[in-house]
Amino acid sequence: MACTSTRPSRGLSLGDPAGAEAPEAATERERALVEENARLRKVCGALIERVESSGAAGGAPYAAFEHAVLLAEQVRERTETLHRTLDELGEVNRQLRDEIAVRVEAEQRLRESKREAEAANLSKTKFLAAVSHDLMQPLNAARLFTSALGEEAVPASSRRLVDNIGRSLQDVEALLGTLVDISRLDAGVLKPDVAAFRAADLLDVMAEEYRQIAASRGLTLHYVGSSAVIESDLALLARVVRNFLTNAIRYTRHGHLLLGCRRRAQGLEILVGDTGAGIAESQREAIFVEFQRAENGHDAQDRGLGLGLAIVDRIATMLDHPLRLASQPGCGSLFSVQVPYGRLPASQPRSASPASSSQGEDALAGMRVWVIDNDPGICEGMTALLEGWGCRVRTATSLAGLEAELDTHAAGETPDVLLVDYHLDASSPDGLAVAAHLRRRHPALPVVVITANHDAGIKSLARQLGYGCLLKPLKPLRLRMKLVALLDGSSA
């Protein structure tokens, strides 16, 4: 911007001619001032140009000022926004803390509820174990007495009474066992004890047992065995096959039954067929649900609860064994379960077949059997049954009682087999410990553990120790075959 000031320069008088300098001097002086003025104007212009060129808006100082004011306003607004955001974040943080506190409290309550549920489940497990043992004890004794009586020579009228008592006890056993099993399965306390075994070890016994049951109903059972080795829980798989066979007999009025095997690529298929009423397609899923039964074909006096196939479905799911059902109404049904193949240890001997195990009424004559069970009724029932087979029996309710009996009457006696209950008195060791103690005195003593507890751990430990294991209520035919197998030197 050019300088337009009319203010006189210092030392220069424009209105006093008398005091004026000589014309030459004045001219020289003016020329110097003009030059100085021009130089200052250039400097001033350069400074103004530099100031204006450094401005942010339009290269004008006022625009720069406005820009600065605008920036200050934006800073103030953003600062206020930041304060508001911080206040909101603080409120959110307080809400989050409150929510976290609520969740922590809820999680604590959940943990407490879980502990209570686990305690209740443990209590239920103990209750089921007590039910399995305490209720099975008198039932087992009754079955033993009935079986012993059934082998006696009794009049025909009494024979019918004995048979009716036996069937009633079988019904009680089936109903009670079914209720306990479904409770244990639902509670998740029934764990599988999977091991390799020969299919014949299971199916030969089943065929022998159900051939007799079928004959009592006027039916025939055709059995096709197998030499295959399979891998499963023997007791649980037996439960599946047993339910198949029981249903086949229950729903077949006349004709025959089939128990057989078919080799598949994925495993051995165990089949149970019948010539019964068959199952309509609309019912084929419902019969595997609790308390659901086929509408036609069963005996009106049958007291089944409709839980057998529900248990089969649960066991097959737990073992991962596929089930299959084929049926034609009016012609019969075919149930099957597929079991994976297994491999036995090279040293395991082949068990005796039921044909050899059942030969001769006196196959067990003279066999010395020791029985330890804390229930005197069971001891008496075992004595009656085993002596009916020709065995020489010595019973006791505890290890101390057996040792006292031996010291008094039979010092130095060597048994052929020990039958010991797993659950003895609380003051006594369990059956496995009793067997170990007696084996130190008789190293080659064969042992069969008998228990109402279906815990897989007990069966697994008994197998590892080389003991046999039978479940209560004890089936006389299974016990007899086990004793004959032991007498023949076969695997327990």
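Helices α8 and α12 are oblique to each other, because their angle is neither under 35 degrees (roughly parallel), nor over 145 (roughly antiparallel), nor 65 to 115 (roughly perpendicular). This is a predicted model, where local features need pLDDT of at least 70 and side-chain atom pairs pLDDT 80 or more, while totals for chains, interfaces and linings use all residues. Residues are numbered from 1 along each chain as its sequence is written, and side-chain values use heavy atoms, without hydrogens and water.

Helices here are DSSP runs of H or I with at least four residues, strands are runs of E with at least two, and numbering starts at the N terminus. Helix α8 covers residues 376-388, and its axis comes within 12 Å of that of α12, crossing at roughly 60°. Axes are lines fitted to C-alpha atoms, for helices over the stretch in contact, with angles from 0 to 180 degrees between N-to-C directions.

Which residues make the contact? From α8 they are M382, L385 and L386, and from α12 P476, L479 and L483; contact means heavy atoms within 4.5 Å.

Now the sheet. It is open, with five strands in the order β9-β8-β10-β11-β12 and parallel pairing; a pair needs at least two DSSP bridges. β9 (392-396) and β12 (468-471) are at the edges with a single partner strand each, so one side of each has no neighbour in the sheet. On average, neighbouring strands are turned by 20° against each other, direction ignored.

Helix α12 (residues 476-487) packs on this sheet and touches β10 (417-421), β11 (447-451) and β12. The direction of α12 makes about 145° with that of β10.

Lastly, strand β8 (residues 368-372) runs parallel to β9, joined by five bridges. W370 has R394 in β9 as its bridge partner.
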